[in-house]
Amino acid sequence: MKTSVIGYPRIGILRELKFASEKYFRSEIGAEELLQTAKELRKTHWLTQKNAGIDYISSNDFSHYDLVLDTAVMLGIIPKRYQELQLSELDTYFAMARGYQGDSGDVKALAMKKWFNTNYHYIVPEVEDDTKIRLSNDKLWKEYEQAGALGIETKPVVIGAYTMLKLCRYTGVKNETNFIEDMVAAYKALLDRCQKEAINWIQIEEPALVQDMTKEDIEVFHAVYDALLPYKKDVHILLQTYFGDVRDIYEDLLAMPFDGIGLDFLEGKETVALIEKYGFAKDKILFAGLVNGKNIWKNHYDKTLQVLEGLRQKEIQVVLSTSCSLLHVPYTLENEEKLAKEYLDHFAFAKEKLTELQEIGTLAEVKNYQDEEAYRKNQKFFTRKRDCDHDEVKERLSKVTKKDYVRVPKRSSRQQLQKEVLGLGDFPTTTIGSFPQTKDVKANRSAYRRGEITRQEYVDFNKKKIADCVKWQEDIGLDVLVHGEYERNDMVEYFGEALGGFLFTQKAWVQSYGTRCVKPPIIWGDVYRKSPITVEWSVYAQSLTKKPMKGMLTGPVTILNWSFPREDISIKESISQIALAIRDEVLDLEENGIRVIQIDEAALREKLPLRKSDWYREYLDFAIPAFRLTHSGVKPETQIHTHMCYSEFTDIIPAIDDMDADVITFEASRSDLLILDSLRENHFETEVGPGVYDIHSPRVPSVKEIVKAVRIMLQKIEKEKLWINPDCGLKTRGVAETDASLRNMVQAAKEIRS
Ligand code: GLN
Ligand code: ZN
């Protein structure tokens, strides 16, 4: 059976692309060197797949920042303000991704959003009324040729017109339907060029098909492809979907002249049922997404082979594929030197998944595959018991009652009390938690990790940093302070390490956005708190100031969503276990004099099912109560904050309010402020700090611009409820820009007050 990979990670096993890009941003290397690094990475990735025996290998899955941005640029969707900078092609691209502040001008970055239900972020393309959508560069063919020169015939990948139309923001009066015609023409030009280059297969990705589709959406899809497909000639088109099933349009797809259809059998709950009900097309190849592109557990060959057997009996032509791009899993287990084999044996990262594809593909052709060595070896991991139970956790969870999910008294009677106790006036200023993670901070942590310094030395250094940070914040004039999070590498890894039940990798990086990578922990077993985690730092920080010091925790939903979850118990059960562990920490902080506690839920929205009809039943109905369980035990005067890294929660405002936090801070500076209208319409009760400036870019916001942002907010939010803060943590920012930005922010708050 042939095998296919939707996409491969691109940041580099040792994050080579990240480091080269960052050097380029700091002008330490030139474009040549960056492009060379990129070229070598592509080569390595193709050869790895080739050597693993993969038949359909992708090209153009490489990106310097993001694939949606690449596609936008390919289509000429570049807002005027970036064109006017008159930078090189590469720098214009980076200006859109990261903002630009320099000799040529001062422009913010485009908005960034979560890529469907993942922790990957894409850049939101902006279409202006006079944007001329047309094929505008040849990245796709250059990369195809590069692979060709290595003797590898690839299938170039590109995000499809329908998904692009859905993801773009339209800044003028026109909307997606006004651009269909140009879009079709651009993709037609793309197909023509593929025809000219004698490209055999092209993978057109349409993940937007797995979301609920209205009648109009289906019309848009037809308008695009009914116009486009007649031009495909000899080029074979694989219509690739992932992250769910295509129940709203499956029958239509079968009837359309695609040569291959890629379906997700893992997250696509109805994929098998759709095939049962409507069959598949004789003239098409089914690219069956059965090897998980999102999670790191070994594939259970027996289950996969049964699905394949079912397809074989239906006489469907099948290519075995990943469920989505392998971008969402780390590269390889090969560099994991610390984890014991008994653990590693249960996992497969990208490279190991290539082997799985190859082995399953081979087994699928063998009649008595049960006798094969590869099968037997795999089966062993699923029949023996893993050492992952912690009985006390299960018992404690079974004793949780309804009342444990409810904080008393109700929020409206807590808010005034908290203001008085904490001595907060109008428009309190605060930050989201982390302060710049400068080189010395990282060096201190890694020296401690490597055993080069003692725990005392490590602690002393951090205490000094905390003391400086507290002084710095007092000097700036912030109202609610933070300790700076110098002890944390990552907001989830840090907590995972302190909790029982988690496993950690050394090199298992996954791209989150641009050059930013995360190293998600693995939830191996039942989760519990071993001992207090943050109390020492927060108490020390509070001892240095009279102002309220905000304790800083990560919430259960985010811990779960940014980890690789178990597949043997439900998400609900895992989240509840984590909630109890965080609850212990919340109560300890309070007990030790911390009066404001922020429980970050940066990733709450992330695992929201892509189909609205599943939102509550399959997620919010347990995720929101899990958050309440963390803080329902605190006193009325203890102020609970939460933070979210985005503002797309217009559609779940009641659920967010139902978390029963006292204050929520969120990202607003990079998106329009429409969310504020919705908050008002929904009688949102939680106090709000819609970030007044964008921390994802090094740009320093002026006082004037912040005042303006706050004035707009004030038209929509009662002044008693508005907080002034940046839109996320400051850890990725430099010291100078942080200082300047925060001073401007505090100054803006002063001007507003007066
Ligand atoms: N408290 C965290 C920080 O400031 C929150 C980070 C986040 O929301 N991603 O870094
Ligand atoms: Zn954030």
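Modeller: A residue is taken as near a molecule or strand if its C-beta atom, placed from the backbone, lies within 6 Å of it. Around ligand 1 there are 13 residues, of which Ile432, Gly433, Ser434, Ala602 and Gly729 come nearest. Sorted by class, the shell around ligand 1 holds six nonpolar, four polar and three charged residues. Here Ala, Val, Leu, Ile, Met, Phe, Trp, Tyr, Cys and Pro count as nonpolar, Asp, Glu, Lys and Arg as charged, and the others, Gly among them, as polar.

This is a predicted model, in which local features need pLDDT of at least 70 and side-chain atom pairs count only at pLDDT 80 or more, while totals for chains, interfaces and linings use all residues. Residues are numbered from 1 along each chain as its sequence is written, and chains are lettered from A and ligands numbered from 1 in the order in which they are written.

The chain is assigned a domain 1 (3-290) and a domain 2 (413-753), with bounds that come from an automatic or database domain assignment. The centres of the two domains, taken over C-alpha atoms, are 33 Å apart. Across the boundary, 28 residues of domain 1 are in contact with 26 residues of domain 2, contact being C-beta atoms, placed from the backbone, within 7 Å. On the side of domain 1 that touches domain 2, the elements giving two or more residues are α1 (16-25), α5 (89-98) and β5 (112-114). Helices (H or I, at least four residues) and strands (E, at least two) are DSSP runs, numbered from the N terminus. That side of domain 1 divides into 11 nonpolar, eight polar and nine charged residues.

Next, the strands. An open sheet of five strands runs in the order β19-β20-β21-β22-β23 with parallel pairing; two strands pair if DSSP finds at least two bridges between them. Its edge strands, each pairing on one side only, are β19 (550-554) and β23 (687-690). Neighbouring strands of this sheet are turned by 20° against each other on average, direction ignored, where axes are lines fitted to C-alpha atoms, for helices over the stretch in contact, and angles run from 0 to 180 degrees between N-to-C directions. Strand β22 (residues 663-666) pairs with β23 in the parallel sense over four bridges, and isoleucine 664 stands opposite valine 688 in β23.

Elsewhere, strand β12 (residues 260-264) runs parallel to β13 and is joined to it by five bridges, with isoleucine 261 opposite leucine 286 in β13. Seven of the seven residues of β13 (residues 285-291) are buried, so this strand is largely enclosed by the rest of the structure. A residue is buried if 20 or more other C-beta atoms lie within 10 Å of its own, exposed if 12 or fewer, and partly exposed in between, with C-beta atoms placed from the backbone.

Some backbone geometry deserves a check. Most residues other than glycine have a negative phi, and most peptide bonds are trans. Phenylalanine 427 has a positive phi of about 50° although it is not a glycine. Phenylalanine 427 lies in the loop between α17 and α18 (439-449) and counts as buried because it has 20 C-beta neighbours inside 10 Å. The peptide bond from valine 408 to proline 409 is cis, with omega near -5°, and proline 409 sits in the loop between α16 (391-398) and α17 (411-422).

Key. Two residues are in contact if their C-beta atoms, placed from the backbone, lie within 7 Å.
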